[in-house]
Amino acid sequence: MPIASATEREIQFFPTGTAWEDGPDGVRLLAAECARCGQLSFPPTGDCWRCGSAGTPGALPLSRTGTLHTFSVVHVAPAGFRPPYAVGQVDLPEGLRVLARLEVADPVLDEPLEVALGVIRTDPETVSYVFRRPA
Amino acid sequence: MRDVYVAGAGLTPFGRFRGVSAETLAMTAVRAALADAGAGRAEVDETFCGSSYGGPLIGQRVLRALGMTGGPVTNVENACSSGSTALREAVSAIRSERSDTVLVIGVDVLSRFGGGTLPLEASDNDVNHGVVMPAVYAMRARRYLADTGATRAELAAVSVKARANGARNPDAQLRKPVTAEEVLASRMVADPLTLFMSCPTGDGAAALVVTGDPELARRTGPAVRIAASVLQSGAYAPGPKQVDWSELTARTAGLAYEQAGLGPADLGVVEVHDAFAIAELMYYEALGLCGYGDGPRLLASGHTAVTGAQPVNPGGGLLSRGHPIGATGVAQVVEVTRQLRGTAGDHQVTNRPNVALTQCTGGGISGLDHGACTVHVLVA
């Protein structure tokens with residue numbers, strides 16, 4: 001599904017910051033990286049969940065392709081969402097498991113998926129990271 | 001540290017009751033619990049009230065309606081573990097000798113949200129991407145089916161048992177038995193979980209009179225001692241963990257077994273948090289009733305039936321009894337108290353249990369297995 005316009009609201013992470021960057025080779029998710037121990041988190045936890053260091057200031061662009069660990073197609077959805085839509089957990093090589101919307105017809109467990117941007121909510125219209133089959 | 005007992009237990013029927021307030025439901029449950037205990041209102045030293053959607057000061061609003069005002073009241077919110085957390089607070093207050101007799105209430109009115117999914121925390125990243133509680137469990141179910149070889153029919157069998165048990169429980173919300181075919185054919189909620197594999201939303205209240213007074217404990221029936229009361233939270237993990245194994249439940253139960261000085265083989269009746277059919281299978285395993293992946297066989301063998309060696313959810317569980325969130329954890333203890341005392345009526349288990357366990361867990365926030373898990377062990 002194409003992104004409709006630049007005015008669409010982007011997902012904002014707690015505590016602050018955006019979830020992705022648009023680089024030369026496409027969208028990449030940005031993991032928070034602890035300055036003291038290097039532990040990654042996505043979404044950012046704030047303070048490091050492993051060593052307790054205050055703040056996790058680093059922003060590491062993650063690999064674009066991961067493996068689909070599990071998913072579900074949601075048929076009964078909250079207000080603002082239009083079912084059916086798929087959500088899933090994608091394992092990235094950096095050791096992170098990302099919960100995301102899937103723009104995939106008939107997802108298959110353990111298949112490779114690639115990160116992109118898509119409209120995930122219609123009311124209000126919201127853009128976020130999604131995973132699709134690699135082109 | 002002195003012993004703590006359940007002296008009395010009461011609850012309302014669970015269902016969708018248009019226009020009935022949380023206060024009205026909770027009052028009914030409290031009166032029933034006090035009567036069951038043979039306790040007078042003046043004997044209550046303090047109150048804990050568990051509710052997820054009851055709003056500010058729900059406990060005080062209930063007690064005002066009962067004319068029991070002025071004492072210490074604490075309101076507890078811990079998602080699906082709100083009621084069981086309220087009980088843990090009561091146990092703690094009595095063990096510390098701050099109070100002798102404590103009233104525990106659990107109540108929620110969810111029918112006002114209509115029939116869809118419940119509103120979750122709006123700032124949560126998963127929620128913002130369209131995750132709903134059925135999807136959380138559905139993702140576990142999908143991996144469980146793939147990795148254990150379990151079938152959708154084996155998921156459906158959980159609901160068949162739940163409804164058969166609920167049919168004998170006059171307080172259950174859904175009392176119509178169903179076949180596996182009907183469960184599989186019911187409307188899809190979050191694949192592979194269908195409507196009949198999902199607990200209904202509704203209204204209800206439950207209450208307990210909990211005491212450290214040995215006379216009150218025995219005033220109207222055999223003493224039911226709380227041998228363990230444990231609360232834990234989901235441990236954050238940004239990377240791969242086993243989605244079809246409940247680390248949180250296993251951890252909480254382990255601490256409860258240690259506190260009670262017994263193990264899963266000692267349990268005579270069990271209440272698990274079967275919000276969705278997959279949950280019962282996963283919780284059999286996490287509680288140690290069987291190994292990982294053996295849940296469907298345990299169920300099929302009849303081991304967890306009302307007539308089995310270790311009955312699980314004899315009153316229908318969340319799937320059939322219903323899940324007014326704050327009430328559930330308290331209702332589970334009401335159920336096992338009655339089972340231990342032999343007063344459960346038509347759905348009384350036949351194995352004359354002396355030891356019961358209740359496991360209550362739930363709430364979903366990004367990165368955690370579940371928000372909270374509470375396990376209680378009761379001994380008669």
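Analyst: A residue is called buried when its relative accessible area is under 20%, exposed when that value is over 50%, and partly exposed in between (1.4 Å probe, protein chains only). By this criterion, 50% of the 135 residues of chain A are buried. This is a predicted model, in which local features need pLDDT of at least 70 and side-chain atom pairs count only at pLDDT 80 or more, while totals for chains, interfaces and linings use all residues. Residues are numbered from 1 along each chain as its sequence is written, chains are lettered from A and ligands numbered from 1 in the order in which they are written, and side-chain values use heavy atoms, without hydrogens and water.

Chain A is built from ten strands and zero helices (DSSP runs numbered from the N terminus: E of at least two residues for strands, H or I of at least four for helices). Read from the N terminus, its elements therefore follow the order β-β-β-β-β-β-β-β-β-β. When contacts in chain A (heavy atoms within 4.5 Å) are taken between residues at least 6 apart in sequence, 49% of them join residues at least 24 apart. The accessible surface of chain A is about 6200 Å² (Shrake-Rupley, 1.4 Å probe), and carbon and sulfur atoms hold 54% of that area.

A:E111 and A:R133 form a salt bridge, with their closest N and O atoms 2.7 Å apart (the term requires a side-chain nitrogen of Lys or Arg within 4 Å of a carboxyl oxygen of Asp or Glu). This pair ties together distant parts of the chain, 22 residues apart: A:E111 lies in the loop between strand 8 (96-102) and strand 9 (112-122) of chain A, and A:R133 in the segment after strand 10 (125-132) of chain A. A:E111 is buried, at 11% relative accessible area, whereas A:R133 is partly exposed at 36%. The second salt bridge joins the side chains of A:D25 and A:R28, at 2.7 Å from N to O. A:D25 is partly exposed, with a relative accessible area of 43%, and A:R28 also counts as partly exposed, at 22%.

The contact with chain B comes next. Chain A contributes 37 residues to it and chain B contributes 28. The two chains bury about 2600 Å² between them, 61% of it on carbon and sulfur atoms (buried area is the accessible area, 1.4 Å probe, that two parts lose on being put together, summed over both). On the chain B side, B:H129, B:M139 and B:P238 lose the most area to chain A, together 26% of what that side buries.

One salt bridge is counted between chain B and chain A. It pairs B:R143 with A:D110, the closest N and O atoms being 3.2 Å apart. There are also 13 residue pairs in polar contact between chain B and chain A, both residues at pLDDT 80 or more (N or O atoms within 3.5 Å; within protein, one must be able to donate a hydrogen and the other to accept it, and residues adjacent in sequence count only through side-chain atoms on both sides). Helix 4 (125-128), helix 5 (133-148) and strand 5 (188-190) of chain B each supply at least two residues of the side that touches chain A. Helix 5 of chain B gives the most to that side, with six residues. The residues of that side comprise 14 nonpolar, eight polar and six charged ones (nonpolar: Ala, Val, Leu, Ile, Met, Phe, Trp, Tyr, Cys and Pro; charged: Asp, Glu, Lys and Arg; polar: the others, Gly among them).

Over all chains, the structure holds 21 salt bridges. Within chain B, one of them joins B:D294 and B:R297, with the closest N and O atoms 2.8 Å apart; B:D294 is partly exposed, at 31% relative accessible area. Salt bridges that share partners also join A:D110, B:R143 and B:D147 into one network.

B:Q359 belongs to strand 10 (residues 355-362) of chain B and is buried, at 0% relative accessible area. Its side chain reaches the backbone nitrogen of B:H273 at 2.9 Å, and B:Q359 touches residues including B:T249, B:Y283, B:L287 and B:C373. B:T211, in strand 7 (residues 203-211) of chain B, is buried at 0% relative accessible area. The side chain of B:T211 makes a polar contact of 2.9 Å with that of B:T101 and reaches the backbone nitrogen of B:D213 at 3.0 Å. Among the residues that B:T211 touches are B:Y5, B:I94 and B:L216.

Terms used:
Lists of a residue's contacts leave out its neighbours within four places in sequence.
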